[in-house]
Amino acid sequence: MYAISDDQQALVDMVRQFATESLAPHAAEWDETHHFPLDVLREAGELGMGAMYSREEFGGAGLSRADAILIFEELAKGDPTIASYISIHNMVAWMIDGYGSDAQRAEWIPKLATMEQLGSYCLTEPGAGSDAAALSTRAVRDGDDYVINGTKQFISGAGSSAIYVVMARTADTGSRGITAILVPDGTPGLSFGPLEKKMGWHAQPTRQVILEDVRVPIANRLAEEGDGFGIAMNGLNGGRLNIGACSLGGGQAALDKAVEYAKNREAFGGPLIDQQSILFELADMDTKLEAARTLLARAAAALDNGDADKVRLCAMAKRVATDAGFEVANSAIQLHGGYGYLTEYGLERIARDLRVHQILEGTNEIMRLIVGRSLLGK
């Protein structure tokens with residue numbers, strides 16, 4: 001691993017212990033039973049993982065993005081699904097901390113920080129995925145309220161969260177007409193679709209968020225009208241780093257399993273590790289993860305420093321890390337042969353969980369578009 005500070009190492013050690021003791025032993029069961037472990041999330045909150053890069057004034061941990069990617073890699077070694085949800089929850093806390101009023105921060109950040117209450121981020125719609133600026137959920141002013149109508153798709157934590165950051169259209173001016181609005185759970189007109197049946201991420205709920213004449217005060221708006229798209233995109237920069245880190249954690253767990261298997265599995269008169277082709281494959285897997293890890297660290301530093309190329313680097317790092325994590329998990333399955341296909345070895349679960357990372361927080365095709373456009377100065 002690239003050099004990290006003593007403080008960061010202490011952070012990694014703490015998170016590694018939590019992931020090893022509280023996530024890894026239960027990950028297979030949670031996956032099989034589709035269990036969302038609210039009690040374990042609160043344990044994570046007690047350790048400071050509920051509002052990692054929110055300010056300390058209202059209970060946040062005040063960590064950097066460089067710190068966060070170390071945390072998410074360790075969490076994902078225990079369970080990529082739960083690590084990924086914690087990333088989404090942190091994005092909600094960061095949005096309220098960064099763009100909310102003091103009253104909003106005082107109301108929400110303390111409980112989000114402890115994960116006593118959870119948050120969900122509502123951008124994607126049934127007809128607006130990669131083209132997020134085309135969203136059609138609408139918020140219309142009525143006196144001192146907004147009345148919101150629309151449907152959000154693929155929302156992690158839906159039905160379990162206390163607060164939903166909803167991106168809604170307040171003007172017909174494309175991306176400049178989108179506003180971020182806080183919708184608390186229990187608001188009349190807020191409901192949820194059935195649980196989606198998914199390839200992976202079984203241990204966190206994914207549902208539609210349905211808004212039918214949902215009325216909330218204008219005071220629930222984050223920042224100003226029309227700022228929502230910028231808030232969403234800024235949030236995704238950090239989300240891309242986190243999900244890349246989760247892919248590295250899952251990939252590293254798969255590689256560790258593959259190395260142990262190759263050491264102990266006898267074939268052709270000796271352990272598999274004696275086969276040069278196996279050794280080369282393990283070396284390639286390790287190299288992919290290390291290269292992605294280094295790029296992710298560079299992108300995190302750029303985001304922390306507000307560098308001009310932060311969007312480009314976050315997109316690059318997200319694409320490289322999520323591709324690397326899935327490819328390594330897939331290679332680990334192949335190296336295990338038939339055993340890799342069995343649930344008891346845990347590799348097929350890791351591969352299923354990591355596959356969606358190449359899609360969410362902006363598909364990897366969109367990441368290529370961002371990088372390509374940056375070359376043209378757009």
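Mentor: Start with Ile86. Beyond its neighbours within four places in sequence, Ile86 is in contact (heavy atoms within 4.5 Å) with Leu41, Ala44, Met49, Met52, Phe72, Leu75 and Met115. This is a predicted model, where local features need pLDDT of at least 70, side-chain atom pairs count only at pLDDT 80 or more, and totals for chains, interfaces and linings use all residues. Residues are numbered from 1 along each chain as its sequence is written, and side-chain values use heavy atoms, with hydrogens and water left out.

Trainee: Which residues touch the most other members of the largest nonpolar core?

Mentor: Leu75, Ile86, Met95, Tyr121, Met167 and Leu241, in a core of 97 residues. Helix α7 gives the most to this core, with 15 residues. A second, separate core has 17 residues, including Ala168, Val183, Leu190 and Val216.

Trainee: What makes a set of residues a nonpolar core?

Mentor: Its members are buried Ala, Val, Leu, Ile, Met, Phe, Trp, Tyr and Cys, joined through side-chain atoms within 4.5 Å. In soluble globular proteins, nonpolar side chains tend to be buried together.

Trainee: Why is Tyr261 called buried?

Mentor: Buried means under 20% relative accessible area, exposed over 50%, partly exposed in between (1.4 Å probe, protein chains only). Tyr261 has 12% relative accessibility, so it counts as buried. Tyr261 lies in α7, residues 228–264. Helices are DSSP runs of H or I, at least four residues; strands are runs of E, at least two; both are numbered from the N terminus. Leaving out neighbours within four places in sequence, Tyr261 is in contact with Leu272, Leu335, His336 and Tyr339. Pro194 is 67 residues from Tyr261 in sequence and 40 Å away, C-alpha to C-alpha.

Trainee: How do you know that Met199 is exposed?

Mentor: Its relative accessible area is 53%, so Met199 is exposed. Met199 sits in the loop between β6 (190–192) and β7 (206–217). Outside four places in sequence, Met199 is in contact with Arg352 and Arg355.

Trainee: And Thr363, buried or exposed?

Mentor: Buried, because its relative accessible area is 17%. Thr363 is in the loop between α10 and α11 (364–375). Ser130, Lys318 and Gln358 are in contact with Thr363, neighbours within four places aside.

Trainee: What makes α7 roughly parallel to α9?

Mentor: The axes of α7 and α9 (residues 310–336) come within 8 Å and cross at roughly 20°. Angles under 35 degrees count as roughly parallel, over 145 as roughly antiparallel, 65 to 115 as roughly perpendicular and the rest as oblique. That angle makes α7 roughly parallel to α9. Axes are lines fitted to C-alpha atoms, for helices over the stretch in contact; angles run from 0 to 180 degrees between N-to-C directions. By class, this contact has 16 nonpolar, seven polar and three charged residues.

Trainee: Why is α7 called roughly antiparallel to α10?

Mentor: The axes of α7 and α10 (residues 347–355) cross at roughly 160° and come within 10 Å. That makes α7 roughly antiparallel to α10. The contact joins Cys246, Ser247, Gly250, Gly251, Ala253, Ala254 and Lys257 of α7 to Leu347, Ile350 and Leu354 of α10.

Trainee: How do those residues divide by class?

Mentor: Into six nonpolar, three polar and one charged. Ala, Val, Leu, Ile, Met, Phe, Trp, Tyr, Cys and Pro count as nonpolar, Asp, Glu, Lys and Arg as charged, and the others, Gly among them, as polar.
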